[in-house]
Every structure is written in C-alpha cells, then in structure tokens.
Amino acid sequence: MTDVSNRNQLAYIAAQASDARVNVEFETEGMTLNLGPQHPATHGTLRVIVKLDGERVLRADPMMGYMHRGYEKLAEVRTYPQVTTLVNRIDWLGSFANEVPFILAAERLMEVEAPPRAQWIRTILFELSRIANVILFLGDMGVQLGAVTPVFFAFRDREFVLNQIEAVTGGRFHPNFDRIGGLKDDIPKGWTEETTGVLGRIRTFCDEMEDLVTGNEIFQARTRGIGVIPAEVGLAYGLSGANIRGSGVDWDLRRDGGVGLAHDQVDWKVWTHPDGDSFSRYWVRLQEVREACGIIEQLLGGIPSGPVMAKVPRIIKVPAGEAYVETENPLGVMGYYVVSKGDLVPFRVKIRSASFSNISITPWVLEGAYVPDVVSILASLYFILGDIDR
Amino acid sequence: MSSPDTNLDEVSEGHEPVADPARDAIVASLADQLGDGLVASEVLAGTDVWVRVTTDSWLATATVLRDTCGMAYFNFLSAIDWMPSPFGRDMDAQVDLVGADESQVDPEPMTWGVTGGATRFQMIARVHDPVCHIGVTVKADLDADDPRVDSWMPVYPGADWHEREAWEMFGITIVGHPNLVNLYLPSQFEGNPLRKDYPLLARRVKPWPGIVDVEAMPGDGDGDAADEGGEGS
C-alpha cells in the first residue's frame, strides 16, 4: 500500500516537475512586430514598432524621419512667395490647402487683404483639395480592412476633382497658385459649370461609399468601438479635424477661426459624432465631403466680380512681426507661426501640421489594442507622411 | 459664423482700439496666479495674445492655462533661435558663401519679436480654447549656454513629440521628459539643425540662383544687368 502511495506521490512530483519544465521551455515572451516602413497602412514610410503579448499590443512606438525634409530650415532661406512651393509638398493630397494658412499669415503681417473674388476662389480651391484628399481616405479605409473596390472608385472620382484644380492652377498636385494679396490668376471660362458637374459625381461617390462600406457588416465589426479616443484625451494630444470631431468636439476652424476665407458666406454644417471610435472618424469624413460639395456649390453660384489680386509690391518684404494663422485643412488644423524681421525671407517659420499631432496619440490609443485593429486605427486617424515629417 | 465668440472677433477687427475682454482676462488670470512669473504680455485685440513667462514658471503656466483659462487644446510647442544668422540676413547677402570659413564676422545685434526677449533661445508654445476659440502663445527665455526647461508632458501629454523635436533641432534640454531621443534625425546625428549657426549645406555647395532671377521693378534702370545674370546661372 505504501508502495502504491509512494508511487503516486512520486508520479505527482514528476508531473509537477515536468509541468514546471514545460512552463520554463514554453515561457511566453513579448514579440516585437515591425510595422512598416513599407506597409500599406502607413501612407508613405511611417514605421511603427509594436511590442506584442500574443495578439495584444503592449506598446507602440511610431518612428518618423524617413521623409523629413527640413522645411522649417529651408523656409528661412527662401523669399515669401517661394515658400508656397515648399509647403505644397507637406500634405501632398490636398496641396492647395497647405498654401492658404501661410499666405494668410504673411497677409496679416503685411496688413494686406485679398479682394473678395480671390477669397471666394481660394475657398473653392481649398474645399476642392479637401475633397481630393478625403475621398482617397474613404476608399483607402476600405482597402485597409479588406475591401478593395472602394479605392478604385476613389481614384476614379478624384481624377475629376484634380482635373478641375488643374484647369485653374495648371498643376494637378502642386498648384502653387496662392499669392500674397490674392491669386495668380482668375478661373477659366466655363469652369464653374464643369465643377458643378463634378460635384454631382462626388455626391454619387459618397452614396456608393455608403452602399459599399458604411453599412457593411465586416466594416462595422472592424471599426465600431475600436480605437476609442475620449474628447479630453484627444484635445490634450492636439488631435484635430475629423479625428476630434469624431470624438464629439464641435470645433471647426472654418466656422470658428475667423480668418480670411469665405466659409462664413455660405450655409453649411459642422458634423460631429459622439463615439470617438474608428467608425465615427470615417463617418465624419464622409459627411464632410458631402458638406464640402455643398459649400463649393453655393460659392460657385455667387463669386463676386472684381480683381483677384490686391495691390502688393513686386518684391515682397514683410514687415517685422509675428503671426500665427491656422486653418481647417483636410487633415486637421494646420498653422504657420511666421516670425518676420522685415526681410525678404522669413526669420523663422514653425509649421504646425495636422498629422504630426494626430499621430502623436498612437502610443496612447494603440496600447491594449489587438493586432488587426492597429491597421483599422491607423487608417482611421488618417495621416499623410509628408504632413508628419515636413 | 453663428457663435457669439466669432461675432465678437468680427466686431473687434476694426482699426479703432477696441478692448478685448476675453483675451485680457487670460492675461489677468495669468498675472494673478503666476505673479512675477509673467514677464510681458501683448494683446492684439480680436486676433491674438502673447505672454512671456520666466523659465521657472513654464510648467506652472501650462497648468494655469489648462485649469483656469479653459485651454484644453494643445496646439504646438517649439523654439526660436533669435541670434541673427552669421551667414547673412537674406539669401541675397552673399557673405554666407564667400566667408563661409571665418564665420561669425560681426553679428548684428539680436532683436526680438512680440513681447520682447532677453536671451538667444526662446521657447514658444501655443494652446487653444476649443469652446471660446481663443489661442494663447506662450514664450519663455532660456539660458543661452545651457538651455533647459521643464517638460509640459504632465499637463499636455501631446507635448511629447514636440519637445523631442525641440530637443534635437535646438538642443534644448527638456527636464522631466521620459524619452528624450531623436525624433526625426538619425541617432548618431551631430548638431542642432534649426539653430541659426547651423549652416544649410545645400546653400554652401551651390549659391542660390533665385536672387539674380528677381525681375527689376518697372522703371528701374539696372534691370538689364539682373536679367543677364538670370540667364547665366
């Protein structure tokens, strides 16, 4: 009897020991996943180093700088009109919108105001670049989550918008059209009618997105409740644009900024969504494209007549001073802090770009997320690498 | 443009000296809570407000702005190097190309911008009130030889990357920052590129052709010389 019990006891001890040994041998340890720099979800070359425990993210570290071009330094050796060429390349999907806040800052320092016609055309081009930028997001959001069709629609319909931008400015991507005191040129004949036609296409595109993506069960499952950012966290991290409006903050510089654009001349609405998840950010952007169509349509109907250029000296010297002007760009709040010492060139230009702040929240929001959701969250925060790295 | 705050802005954008009670109140509450920490302030009625604080009250300023003034939104943080560039003021000052080696010839006197300054480096940050739509620019003078300042991260966690950028670009030590490593630059990079005495190598290698391309004003006599220069480059 004792033998048996001894045997039992020994067997038990042996089992324990082997269990312990197995536990030592199969000890789980964190894994480091290197997302990017060449990942489809990174819109360029953002590299995210993700430390994983199984499928769960313990810590995410975005690494930037693969595309840092040093615009703040370069702007210090370029004249004011030359800087717009540089800043065009910051957010390359909505380039015209990059020029506007810089020009407005220079105009504030020079105490010049663009004529009404220039302001209206500026606003139309500003909103057209928003459409060109954001519809690519809408298509891309589907691709990230496995639906390939929307992005073809997005590229197809974006081309119509780019054609309109090209017809006015001569450049599809980099218009370089905004000038201190107005615009380089007037709009061509017949352009307003064509643009109205394009807006119809964009509205159809939005409906297609609703059909294809928004109501899709998989899409909903992958985005609802994923990557929730509470409003106060988003504000403390400097989130802006649709990201913060998707967290229920009713703040849009087009309405609240009071800078020299014509948004206050037309009737439109700021969309917000209370959830703060990936879906709400997508949804707010979808509504904003529709809203932008409405803004452009109203503006096209009432462009005031007159010149498109105010009287400014041929060689522009900006008086000494400091000005910070920010506008609601496609990606969020973009601002330029311009320090002038009365020279041909700015003394210092601090570029506050939207994606830089939008992406700075990723370590916070990715912590505790699951690997498949990382893509959903990154895609919904929507960044352009040029806008992060500048 | 339906909210009352923007209407206020519109009204006060005229040229007559109008009071700006909302922005004055921010300066007043900062002066109240910081005491001597507030060095200077400037209100551009209806448009903007700047405050300059001491380095020691840098973090306290953030706390007051967030908790008392409702500045929940962190906008940006950076720095300014007020030293005039030893390589010339404008790009048309060709001293940077000729006298590249014996730099720092005789620097012009340092001048500061809005709310003044005292030293070479100035911290600059901006926060925003997303309800009343008012932004405040905060500045602080830093020690020229050993620029260091407290981190804003305890108050605004979004300051993280902005402070790392200020650290690598200007060499400003951020006290209390948990992860002060290079953000953009390679880890072995030497120097602080946004300092004014850091040369822009591209300009050293090749002179800027733009200056000879500037067309002369109509009626200027020396227009031909400039044109010829433009074609030659």
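## The sheet of chain A

In chain A, an open sheet is built from 3 strands in the order β6-β7-β8, and their pairing is antiparallel. Its edges are formed by β6 (321-329) and β8 (348-352) of chain A, each of which pairs on one side only, and the twist from one strand to the next averages 10°. The model that shows this arrangement is a predicted one.

Strand β7 (residues 332-340) of chain A is joined to β8(A) by 5 bridges, the two strands running antiparallel; within this pairing, Tyr337(A) has Lys350(A) of β8(A) as its bridge partner. Helix α4 (residues 95-110) of chain A packs on the sheet, where it touches β6 and β7 of chain A, and the direction of the helix makes about 150° with that of β6(A).

## The nonpolar core

The largest nonpolar core has 162 residues, and those with the most contacts inside it are Ala105(A), Ala106(A), Ile135(A) and Ile202(A). Helix α5 (residues 116-144) of chain A supplies the largest share of this core, namely 15 residues. In soluble globular proteins, nonpolar side chains tend to be buried together.

The surroundings of Ile202(A) can be listed individually: leaving aside residues up to four places away in sequence, Ile202(A) touches Ile131(A), Ile135(A), Asp157(A), Val161(A), Val289(A) and Cys293(A).

## Helix α2 of chain B

Helix α2 (residues 21-34) of chain B comprises 14 residues and reaches 20 Å from its first C-alpha to its last, which is close to the 20 Å expected at 1.5 Å a residue. Its buried residues are Arg23(B), Ile26(B), Val27(B) and Leu30(B). Because these residues cover an arc of only 90° around the axis, they lie on the same side of α2(B).

Just after α2(B), Gly35(B) adopts a positive phi of about 65°.

## The contact between chains A and B

Between the two chains, 40 residues of chain B are in contact with 36 residues of chain A. On the side of chain B that touches chain A, the elements giving two or more residues are α1 (4-11), β3 (73-81) and α5 (159-170) of chain B. Of the elements on that side, β3(B) gives the most, with 6 residues.

Note on methods. Residues numbered from 1 in each chain as written. Chains lettered and ligands numbered in written order. Predicted model: local features only at pLDDT ≥ 70, side-chain atom pairs only at ≥ 80, totals over all residues. Helix = DSSP H or I, 4+ residues; strand = E, 2+ residues; numbered from the N terminus. Expected span 1.5 Å × (residues − 1). Buried ≥ 20, exposed ≤ 12 C-beta atoms within 10 Å, placed from the backbone. Arc of directions from axis to C-beta. Core = buried A, V, L, I, M, F, W, Y, C linked by C-beta atoms within 7 Å. Contact = placed C-beta atoms within 7 Å. Pairing = 2+ DSSP bridges. Axes fitted to C-alpha atoms, helices over the stretch in contact; angles between N-to-C directions.
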